[in-house]
Amino acid sequence: MNKETEIIVAGSGPNGLAAAILLAAEGYPVTVLEAADTVGGGTRTQELTLPGFRHDVCSAIHPLGAASPFLSRLPLAEYGLEWIYPEAALAHPFDDGTAALLYQDLKQTAGSLDPSDRRPYQQLMEPLLGSWEELAEEVLAPIHFPKHPLVMARFGTLALRSATGLARSQFRGERAAALFAGLSAHSFLPLERPGSAAFGLILGLLGHVNGWPVAKGGSAAIPTALVAHLESLGGRIRTATPLRSVENCSPNAVFILDLTPRQALKIAGSRFDAEYRRRLEEYRYGPGIFKIDWALSGPIPWTAPGCRRAATVHLGGTLDEIAASEREVWQGKPPERPFVLVAQQSVCDPTRAPEGKHTGWAYCHVPNGSIFDMTDRIEAQIERFAPGFADLILARNTRDTAEIEAYNENFVGGDINGGVQDLGQIVARPVPGLHPYATSDRNIFLCSASTPPGGGVHGMCGYHAARCALERLRHG
Ligand SMILES: Cc1cc2nc3c(=O)[nH]c(=O)nc-3n(C[C@H](O)[C@H](O)[C@H](O)COP(=O)(O)OP(=O)(O)OC[C@H]3O[C@@H](n4cnc5c(N)ncnc54)[C@H](O)[C@@H]3O)c2cc1C
């Protein structure tokens with residue numbers, strides 16, 4: 001194939017745009033087709049409640065975006081992307097009115113934990129932090145023979161454990177264990193499940209490496225900058241143009257699908273062989289989320305003062321409580337006392353709300369496809385750590401899993417990670433193999449969060465998928 005080959009990217013999420021940029025930079029004619037009226041997939045910003053309140057419809061907090069080996073190499077600041085770093089990456093409040101805080105500084109973080117856990121926390125994180133760049137190269141990539149086997153061995157010994165097992169073996173007090181449980185709950189896995197500790201380690205490390213920033217003005221600044229860069233390389237975008245089938249397109253075109261297996265089957269299934277189709281049909285989706293955005297008349301009145309220093313707050317109390325909430329989700333029950341992830345972007349980014357006012361963003365995990373209304377349960381958890389919160393609510397917007405999927409078909413049953421991220425599926429996504437981005441059709445590739453390294457705004461799935469496609473384009 002030569003550089004005349006038309007490349008069609010379906011979907012303008014961070015992964016679709018990352019793939020498009022790499023291919024356009026290599027001189028290929030690239031067109032991105034986006035089903036929705038605006039670009040961005042899980043990185044859009046809208047006035048969901050009242051005029052002047054800019055809410056992140058999906059992603060809000062970007063430790064992976066800022067640290068992404070691919071995105072951080074692009075000149076996105078030139079196109080207006082500015083990361084804002086709150087003083088602390090994360091706050092995790094307790095019922096006694098205090099909070100554990102994840103700061104970039106290890107010692108400062110340890111200082112917010114029980115005295116008995118200060119050294120163990122530093123001893124856990126310090127060696128991994130020292131080899132972060134090597135570790136990132138290994139874990140933000142498809143399965144491969146490790147380039148840094150010692151680093152991977154050290155990480156793997158810890159990461160393959162369950163979050164509860166690792167936390168209980170490392171820490172004696174409640175605070176460090178709870179902080180680690182909250183970080184690990186981003187896996188959407190039961191915290192007793194092997195491999196759930198990996199998420200806690202990576203997200204904790206990212207807090208120390210880089211912090212957990214928000215994008216100034218809203219997450220939409222990310223795709224806006226990516227699109228501007230893509231266009232500067234000659235790439236084109238067509239919004240409100242879903243790719244319905246690959247059959248009606250040029251037979252020589254190469255497709256990069258920023259879609260999960262379910263949609264890929266719909267759009268391109270007829271081009272896949274029976275074995276590949278069967279494997280995509282077996283792909284597993286995970287729990288969903290229930291989300292709320294609030295317009296608030298003031299900042300959230302946290303009892304623990306530390307919570308005002310962070311843009312992200314994890315609500316769920318102790319490790320046992322968080323583990324119980326995640327277990328219930330996997331048992332098919334909307335949790336009674338959910339683990340709630342709160343973002344308060346306007347605390348560090350005043351452009352999000354009219355002067356003196358604030359935005360609030362939160363979600364909790366629920367069973368896939370659940371339409372149970374979690375509003376009262378989520379707000380009760382906030383009220384528990386911030387009495388008086390309810391009095392500040394000027395307006396709210398809620399979305400259950402069906403509404404989340406209706407907004408973006410990639411969020412199947414409300415699953416925001418493009419599929420379960422357990423040990424079986426985090427590396428073998430969407431199917432086992434050394435080239436997970438390639439399909440059984442040599443001209444069709446997958447690049448969404450359903451490929452390694454999985455969910456989140458980092459563009460690394462798109463980057464690796466584009467490299468895989470380039471390999472085929474160059475060598476056939
Ligand atoms: C409520 C919520 C909160 C989140 N919070 C965070 C967070 O704080 N930090 C973080 O890192 N991640 C977060 N995420 C996850 C993150 O948004 C996703 O993992 C990420 O967006 C996945 O990127 P993607 O490119 O794979 O797909 P997506 O971003 O889902 O993009 C896919 C795009 O494809 C389009 N599309 C679908 N079908 C077609 C078709 N047939 N033709 C053309 N286009 C099509 C869709 O409209 C969409 O624009 C959150 C997600 C949600 C929903």
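Predicted model: local features only at pLDDT ≥ 70, side-chain atom pairs only at ≥ 80, totals over all residues.
1. Not counting residues up to four places away in sequence, Glu379 touches Ile292, Trp294, Phe389, Ile393 and Arg396. Glu379 sits in helix α14, residues 375–385, and has a relative accessible area of 11%, so it counts as buried because the cut-off is under 20%. Its side chain also has a polar contact, at 2.8 Å, with the side chain of Trp294.

2. Gly388 comes out as partly exposed, at 24% relative accessibility. Leaving aside residues up to four places away in sequence, Gly388 touches Pro301 and Glu383.

3. Now the ligand. It is surrounded by 35 residues, and the closest are Glu34, Gly42, Ile61, Asn408 and Gly456. Some polar distances to check on screen: a polar side-chain atom of Asn15 is 2.9 Å from a ligand oxygen, a backbone N or O atom of Ile61 is 2.8 Å from a ligand nitrogen, and a polar backbone atom of Leu243 is 2.9 Å from a ligand nitrogen. On its own the ligand has 1,000 Å² of accessible area, and the protein covers 94% of that.

4. Which elements build the shell around the ligand? At least two residues each come from α1 (14–25), β11 (288–296) and β14 (358–366). The largest share, 3 residues, is supplied by α1.

5. In α8 (residues 174–184), 10 of the 11 residues are buried, so the helix is largely enclosed by the rest of the structure. Among those buried residues are Arg175, Phe180 and Ser184. Helix α11 (residues 261–268) is also largely enclosed, because 6 of its 8 residues are buried. Those are Pro261, Gln263, Ala264, Leu265, Ile267 and Ala268, and they pack against β10 (254–257), α12 (274–281) and β16.

6. On to charges: the model has 21 salt bridges. One of them joins Glu275 and Arg279, with the closest N and O atoms 3.1 Å apart. Both residues are in helix α12, 4 residues apart, or about one turn of the helix. Glu275 is partly exposed at 38% relative accessible area, and Arg279 is partly exposed at 33%.

7. Arg284 and Asp422 form another salt bridge, 2.8 Å from N to O. This pair links distant parts of the chain, 138 residues apart: Arg284 is in the loop between α12 and β11, while Asp422 is in the loop between α15 (401–407) and α16. Arg284 is partly exposed, at 36%, whereas Asp422 is buried, at 9%.

8. Then there is Arg337 with Glu321, a salt bridge whose closest N and O atoms are 3.4 Å apart. Arg337 lies in the loop between α13 (319–330) and β13 (340–343), and Glu321 lies 16 residues away in helix α13. Arg337 is partly exposed at 45%, but Glu321 is buried at 15%. Shared partners join Asp95, Glu321, Arg337 and Arg384 into one salt-bridge network.

9. Last, the surface. Ile143, Val427 and Leu434 make a nonpolar patch of about 270 Å². Leu434 lies in the loop between α16 (423–426) and β16 (444–446) and is exposed, with 60% relative accessible area.

Methods: Residues numbered from 1 in each chain as written. Heavy atoms only, no water. Buried < 20%, exposed > 50% of the residue type's maximum accessible area, 1.4 Å probe, protein only. Polar contact = N/O pair within 3.5 Å; in protein donor to acceptor, adjacent residues only side chain to side chain. Contact = heavy atoms within 4.5 Å. Patch = residues over 30% accessible without salt bridge, like charges linked within 9 Å, V, L, I, M, F, W, Y side chains within 5 Å. Areas by Shrake-Rupley, 256 points an atom, 1.4 Å probe, with all protein chains shown as cover. Salt bridge = Lys/Arg side-chain N within 4 Å of Asp/Glu carboxyl O. Near = heavy atom within 4 Å.
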